[in-house]
Amino acid sequence: MDAKQYEDLQQSLSPKPSILKNCLKAFLVGGIFCTIGQLITFFYIANFNFTEKTAGNPTVATMIFLSMLLTGFGLYKKIGQFAGAGSAVPVTGFGNAVISSAIEHKTEGFVLGVGGNIFKLAGSVIVFGVVSAFVVALVKLILVTMGVTNW
């Protein structure tokens, strides 16, 4: 049996994914994550005197913390297996990526294992986020200095 025949046999025996079903599950779970985030935002606005603008940072931190807890208890993996891409909502996906690396390397010790590998998956996200924020701030500074805008 050559490689082409093997590939054809593998494709004929592999179960066909239900694209509509997978999209629906991803949409629902991602929507639930976002709804929880919105409820947390409302909680901070109602109980801690935040505004809509200022409630964003504690909401993001809370969502990251919750996703890290779910990952630590092994529940985020089950959610990800069910929802697929719906579990990769940027904030919760980031928290899962950070804590997953830490858990995976904890046997190597806290410094070389956890400390050296905690940002293995999420490090590039942090770097690109910081660089993007710097570029946007630089463009804003130039536009404000030139008098094009005052925001």
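A residue is called buried here when its relative accessible area is under 20%, exposed when that area is over 50%, and partly exposed in between, with a 1.4 Å probe and protein chains only. The structure is a predicted model, in which local features need pLDDT of at least 70 and side-chain atom pairs count only at pLDDT 80 or more, while totals for chains, interfaces and linings use all residues. Residues are numbered from 1 along each chain as its sequence is written, and side-chain values use heavy atoms, with hydrogens and water left out.

The description may begin with helix α2. Helices are DSSP runs of H or I with at least four residues, strands are runs of E with at least two, and both are numbered from the N terminus. Helix α2 covers residues 19-48, which makes 30 residues. From its first C-alpha to its last, α2 reaches 43 Å, close to the 44 Å expected at 1.5 Å a residue; the expected span is 1.5 Å times one less than the number of residues. The buried residues of α2 are Lys25, Ala26, Val29, Gly30, Phe33, Gly37, Ile40, Thr41 and Tyr44. Among the elements that cover them are α3, α4 (75-83) and α5.

One of these neighbours, α4, packs against α2 at an angle of about 140 degrees, with the axes 8 Å apart. Axes are lines fitted to C-alpha atoms, for helices over the stretch in contact, and angles run from 0 to 180 degrees between N-to-C directions. The helices α2 and α4 are therefore oblique to each other; angles under 35 degrees count as roughly parallel, over 145 as roughly antiparallel, 65 to 115 as roughly perpendicular, and the rest as oblique. On the side of α2 the contact (heavy atoms within 4.5 Å) is made by Lys25, Ala26, Val29 and Phe33, and on the side of α4 by Tyr76, Ile79, Phe82 and Ala83. By class, the contact of α2 with α4 has seven nonpolar, no polar and one charged residues. In this classification Ala, Val, Leu, Ile, Met, Phe, Trp, Tyr, Cys and Pro count as nonpolar, Asp, Glu, Lys and Arg as charged, and the others, Gly among them, as polar.

Asparagine 49 follows α2 and lies in the loop between α2 and α3. Although asparagine 49 is not a glycine, its phi is positive, at about 60 degrees. Asparagine 49 is exposed, with a relative accessible area of 72%. In the loop between α4 and α5 stands serine 87, which counts as buried at 8% relative accessibility. Leaving aside neighbours within four places in sequence, serine 87 is in contact with Phe33, Tyr76, Ile79, Gly80, Thr92 and Gly93.

The last pair to consider is α3 and α5. The axes of α3 (residues 56-72) and α5 (residues 90-104) come within 8 Å and cross at roughly 45 degrees. That makes α3 oblique to α5. The residues of their contact divide into nine nonpolar, seven polar and no charged.

Asparagine 57, found in α3, is exposed, with a relative accessible area of 66%. Serine 101, found in α5, is buried, with a relative accessible area of 3%. Not counting residues up to four places away in sequence, serine 101 touches Asn117, Ile118, Lys120 and Leu121.
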